Amino acid sequence: MGRMNVSNEALLGLVAEMIMDDAIRTYKEKNLYQQIDSALAEGDEASFLALTAELKSIQSPG
């Protein structure tokens, strides 16, 4: 039984890490979308391009 508890704890740890990673990615995406909207409103092309590139890197798998 001890070995099964270790496996379950490891699995739960991985699931918790995946949930945390997803929450952080979602927060970053939301923040970037807000910054992109601001850059568009201000006509700041350089910031817009940099922010959209960063957003694409976050959204790309791998």
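Arg 25 counts as partly exposed in this predicted model, with a relative accessibility of 32%. Its side chain meets that of Asp 22 in a salt bridge, with an N to O distance of 2.4 Å. Asp 22 also counts as partly exposed, at 37% relative accessibility. Both residues belong to helix α1, which spans residues 2-42, and being three residues apart they are separated by about one helical turn.

Arg 25 also forms a salt bridge with Glu 29, where the closest N and O atoms lie 3.0 Å apart. Glu 29 and Arg 25 are four residues apart in helix α1, so about one helical turn separates them as well. Glu 29 counts as buried because its relative accessibility of 15% falls under the 20% limit. Through shared partners, the salt bridges join Asp 22, Arg 25 and Glu 29 into one network.

A search of the whole structure finds two salt bridges. They are set out below.

| Arg 25 and Asp 22 | 2.4 Å | three residues |

Definitions and conventions: Residues numbered from 1 in each chain as written. Predicted model: local features only at pLDDT ≥ 70, side-chain atom pairs only at ≥ 80, totals over all residues. Heavy atoms only, no water. Salt bridge = Lys/Arg side-chain N within 4 Å of Asp/Glu carboxyl O. Helix = DSSP H or I, 4+ residues; strand = E, 2+ residues; numbered from the N terminus. Buried < 20%, exposed > 50% of the residue type's maximum accessible area, 1.4 Å probe, protein only.
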